[in-house]
Amino acid sequence: MVSSKYIYHLFLVNALINIINFVPRVLIYTRFHGALPSILISVIIGTILLYVFTRIMSGFNGQGLPEILNANIPRFISFIIIIIFACFWFVAGIITMLSFVDITVRYISPDISPYAVIVGFLLLAVICCRLSSESILYGLETILFLSTPVIIYMLAKALLNPNFSWDAVMQIVTYMWTKPKYVSLAGATFIFSGYFNLTIFNRNFKDLKTRYLWTIPLFGLLILLITFMVPIGYQGTVGVEDHVYSWFSTADSIRMELFIIERVLFLFYTIYLTISMLSTVVHWHVGLELFKGAFQSKAGKLPGKKADWWVLIPFSIVTIVIMNFLNQVRLGQVGQWFLNIRLINEFVLLAILFYAKKRSAKKT
């Protein structure tokens, strides 16, 4: 069993990866059409989802989603639900991985084959996601402890840079009262979705306490504003739309004159490659455990470690096949579809868990 502090680590890794994933692209695309009010509304929606979900899961101490559904819903229905959500978690990891393959080829080494990059990422993800949930949580804590100070330094460097245009930021603020769109709400709320990994990691909490849960919306709002505003401050209100990975273009605009590495881009890439792979490992671990939980015996026994390969090998092959069909534009579209569907799925999962909790209460 682990401390409840790891809830905040699950939130933080998901929030940090959003800086370079599809969320900035969605918010920048809708910057004149309600992106800023979407950020504020998303904090409210995300906080409500976070509170309700953690309250429900705290009533199932030491149980993951498979144990909860298998015990309170007809087995055939629970099997279908768990398989669907397992695939969804794997897709989340695949999208993150493929986006970083594209970033690696475009910004770091254009001459390297994308197949060499994806194979390296897959090997790391497959090996690490088979570790125990506790080991992954401990690794999560260590990597965040080492990475977060560097990220704070880079963000401070970006905001204090004389090339940062506060006028461009203030111009966007004038669109504060524009009606928000669903796409921007779906993108902005994704920053709070780290807590949904409790569907598996709840097994490791003996007593789930959320004493400082109020800090998450504050950090979430701060990260969303930084994610949205910093690229605009460097690239301009109009020019920012020309950059697919706006944060990498922004990082390449910053220099560290007194540091060993002059270009912030290389430090930014290294840190976010680490966090990206960490996020993928978490998603694939949850997806793997959900798949195994779908085949859980009536006695509560899970399939052995050998069964991992029957899940991970097919999804690894699917990842490589998908990479062949997705160019940069299609990858962005898939990322947008994922964000749109994800918000609906979170409400659906909450409704299912609420029903399971009612059924569990009747049994007792």
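Student: In which helix is Asn70 found?
Tutor: This is a predicted model. The helix spans residues 65–72.

Student: Is Asn70 buried or exposed?
Tutor: The relative accessible area of Asn70 is 16%. A residue under 20% counts as buried. Asn70 is therefore buried.

Student: Which side chains are joined to that of Asn70 by a polar contact of 3.3 Å or 2.9 Å?
Tutor: Leaving aside residues up to four places away in sequence, Asn70 touches Arg75, Ser78, Ile82, Gly293 and Gln296. At 3.3 Å, the side chain joined to Asn70 is that of Arg75. At 2.9 Å, the partner side chain is that of Ser78.

Student: How are helix α6 and helix α13 oriented where their axes come within 9 Å?
Tutor: Two packed helices are described by the angle between their axes and the distance between the axes. Here α6 covers residues 114–129 and α13 covers residues 264–294, with axes crossing at roughly 50°. The crossing is right-handed. Angles under 35 degrees count as roughly parallel and 65 to 115 as roughly perpendicular, so α6 is oblique to α13.

Student: What classes of residue make the contact of α6 with α13?
Tutor: On α6 the contact is made by Phe121, Leu122, Leu124, Ala125, Val126, Cys128 and Cys129. On α13 it is made by Leu273, Met277, Thr280, Val281, Trp284, His285 and Leu288. By class, that gives 12 nonpolar, two polar and no charged residues.

Note on methods:
Residues numbered from 1 in each chain as written. Predicted model: local features only at pLDDT ≥ 70, side-chain atom pairs only at ≥ 80, totals over all residues. Heavy atoms only, no water. Axes fitted to C-alpha atoms, helices over the stretch in contact; angles between N-to-C directions. Helix = DSSP H or I, 4+ residues; strand = E, 2+ residues; numbered from the N terminus. Parallel < 35°, antiparallel > 145°, perpendicular 65-115°, else oblique. Left-handed = near helix turned anticlockwise from the far one by under 90°. Contact = heavy atoms within 4.5 Å. Nonpolar A, V, L, I, M, F, W, Y, C, P; charged D, E, K, R; others polar. Buried < 20%, exposed > 50% of the residue type's maximum accessible area, 1.4 Å probe, protein only. Polar contact = N/O pair within 3.5 Å; in protein donor to acceptor, adjacent residues only side chain to side chain.
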